[in-house]
Amino acid sequence: MGGTVDASSEWGVGSRFAFVLPQKVITDPHVTETLTSDMVDAAMFRTHDAKVLLVDDNELNREVVKAILEPMQLTIDEAANGLEAVHMANTTLYDMIFMDSHMPVMNGETATRSIREMKDCINRSTPIIAITADAIAGVREHLMSVGMNDYIVKPIDVEVICGIIRKYLPEEKVEL
């Protein structure tokens, strides 16, 4: 497949295994239409004047989340790291913030603490939802302890993220 495999080991410390598989991203309008249609059916609701901030250092991850959220007619702003998110949270009011927990420059935990601790931040009490690949015991509790309201595990399940949106979005912004 044109990839590479690598392994390294140190006695008494552990082993590291890695692989790289080059892949092309193919945009097929028919697949996108079908996917979007299925997501609308799963959501079974739209939003009205709802604005969210999506924070993730991986552009492909942002594209996947946007594809899930857009059928609900959410306005979506994007940030590529926690530092950008903190700046945006100081200037634009959001109904919800989806925050990756592991990012360069400033991770999601530090960004969340910053937003929560800034006295004049307009999003100080805005729900912040962690998006993480960490599904091990204790992660949820840790993320809540830094100020996040909830969390979603990657890969993102459409029904789970819809449930989170319904849980935290003000009722007047949800159209059934």
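E78 and R62 join their side chains in a salt bridge, 2.8 Å from N to O; the term needs a side-chain nitrogen of Lys or Arg within 4 Å of a carboxyl oxygen of Asp or Glu. E78 sits in strand β5, R62 in helix α2 (residues 59-69), 16 residues apart. Helices (H or I, at least four residues) and strands (E, at least two) are DSSP runs, numbered from the N terminus. R62 is buried at 11% relative accessibility, while E78 is partly exposed at 29%. Buried means under 20% relative accessible area, exposed over 50%, partly exposed in between (1.4 Å probe, protein chains only). R62, E63, K66 and E78 form a salt-bridge network.

This is a predicted model: local features need pLDDT of at least 70, side-chain atom pairs count only at pLDDT 80 or more, and totals for chains, interfaces and linings use all residues. Residues are numbered from 1 along each chain as its sequence is written, and side-chain values use heavy atoms, without hydrogens and water.

The whole structure holds 10 salt bridges. One of them pairs K173 with D95 at 2.9 Å, N to O. K173 lies in the loop between α6 (158-168) and β9 (174-175), D95 in the loop between α3 (82-91) and β6 (96-100), 78 residues apart. D95 is buried, at 13%.

D95 also touches T126, where contact means heavy atoms within 4.5 Å. T126 belongs to the loop between α4 (108-117) and β7 (128-132). With 5% relative accessibility, T126 is buried.

Notes: Lists of a residue's contacts leave out its neighbours within four places in sequence.
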